[in-house]
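Good morning, and thank you for coming.

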Amino acid sequence: MIIENISINKSFGGWHKQYNHQSKILNCAMRFAIYLPPQVASGEKVPVLYWLSGLTCTDENFMQKAGAQRMAAELGIAIVAPDTSPRGEGVANDDGYDLGQGAGFYVNATQAPWNRHFQMYDYVVNELPTIIEAAFPVSDKRAISGHSMGGHGALTIAMLNPDRYSSMSAFSPICNPVQSPWGKKAFTAYLGKDKATWLNHDASELIRKASQFVPAKVDQGGADEFLREQLMPEKLEAAAKAKDYPLELVVHEGYDHSYYFVSSFIEDHLRFHAQHLSK
């Protein structure tokens with residue numbers, strides 16, 4: 001697999017780098033960013049936190065706004081941030097911000113025209129880690145986190161692959177997308193009208209039938225404008241309590257849906273993941 005470096009920035013003794021590559025799974029060119037902490041300079045292989053961003057975002061939103069590099073450098077954790085969808089000429093799209101390019105929802109589309117390119121689940125779970133672990137001084141210890149649509153992706157991907165991830169976390173995730181307007185629109189387009197196929201990509205539904213537990217941390221802003229209609233953290237919390245699932249869910253009053261919120265609590269998430277990655 002050939003990857004092309006397109007930018008390098010030194011940060012907290014480590015390096016933030018962006019790369020382009022041709023994805024075989026997505027049938028298009030893709031971009032990802034990686035932060036390599038200073039520990040790699042001594043030959044140490046470090047664990048990786050995969051970060052999945054939300055609607056309309058690219059790899060740049062988290063890396064530029066979350067302020068995660070300082071703590072990642074201290075803890076010796078690499079961070080990988082993929083784009084949120086396939087992009088480019090010939091890739092299906094929609095006029096709305098919540099479907100198509102910038103809105104992959106981290107599922108494998110089964111419906112035309114989306115199924116030609118929109119295989120974001122396989123990209124995040126299989127193709128991208130294979131590239132990262134072959135090209136960079138990282139170990140096969142992985143954690144996963146994300147925001148909003150990416151929070152949905154992080155939770156569902158980890159629960160579907162409990163042996164691949166030591167821990168999972170999310171900021172403002174779409175917790176019950178089968179009941180959310182965002183989720184209903186995306187799942188209908190990508191997965192079809194059979195709602196039974198949607199359940200495998202709903203964190204609240206997956207918790208109810210989990211047989212292996214991945215330690216989970218979720219933070220939600222109490223002043224989030226999407227809280228009631230789209231995110232529904234109470235559904236996730238109720239499912240976790242019924243299953244006795246190891247979920248820490250905290251609502252922070254006054255915080256909204258933005259990266260001001262993410263940056264306020266990203267240190268807590270990195271420390272949470274570091275604890276489990278070290279086991």
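Please look at D244, which follows directly after α8 and takes a positive phi of about 60°. Helices (H or I, at least four residues) and strands (E, at least two) are DSSP runs, numbered from the N terminus. The model is predicted: local features need pLDDT of at least 70, side-chain atom pairs count only at pLDDT 80 or more, and totals for chains, interfaces and linings use all residues. Residues are numbered from 1 along each chain as its sequence is written, and side-chain values use heavy atoms, with hydrogens and water left out.

Let us now turn to the helix itself. Which residues of α8 are buried? They are P233, L236, A239 and A240, where buried means under 20% relative accessible area and exposed over 50%, with partly exposed in between (1.4 Å probe, protein chains only). Seen down the axis of α8, these buried residues fall within an arc of 130°, so they line one face of the helix; the arc is that of the directions from the helix axis to the C-beta atoms. On the other side of α8, K241 and A242 are exposed.

The cover over the buried residues of α8 includes α4, α6 (203–208), β8, α7 (227–231) and β9, contact meaning heavy atoms within 4.5 Å.

Finally, the sheet. Nine strands form an open sheet of mixed pairing, in the order β1-β2-β3-β5-β4-β6-β7-β8-β9; two strands pair if DSSP finds at least two bridges between them. At its edges are β1 (3–11) and β9 (247–252), each pairing on one side only.
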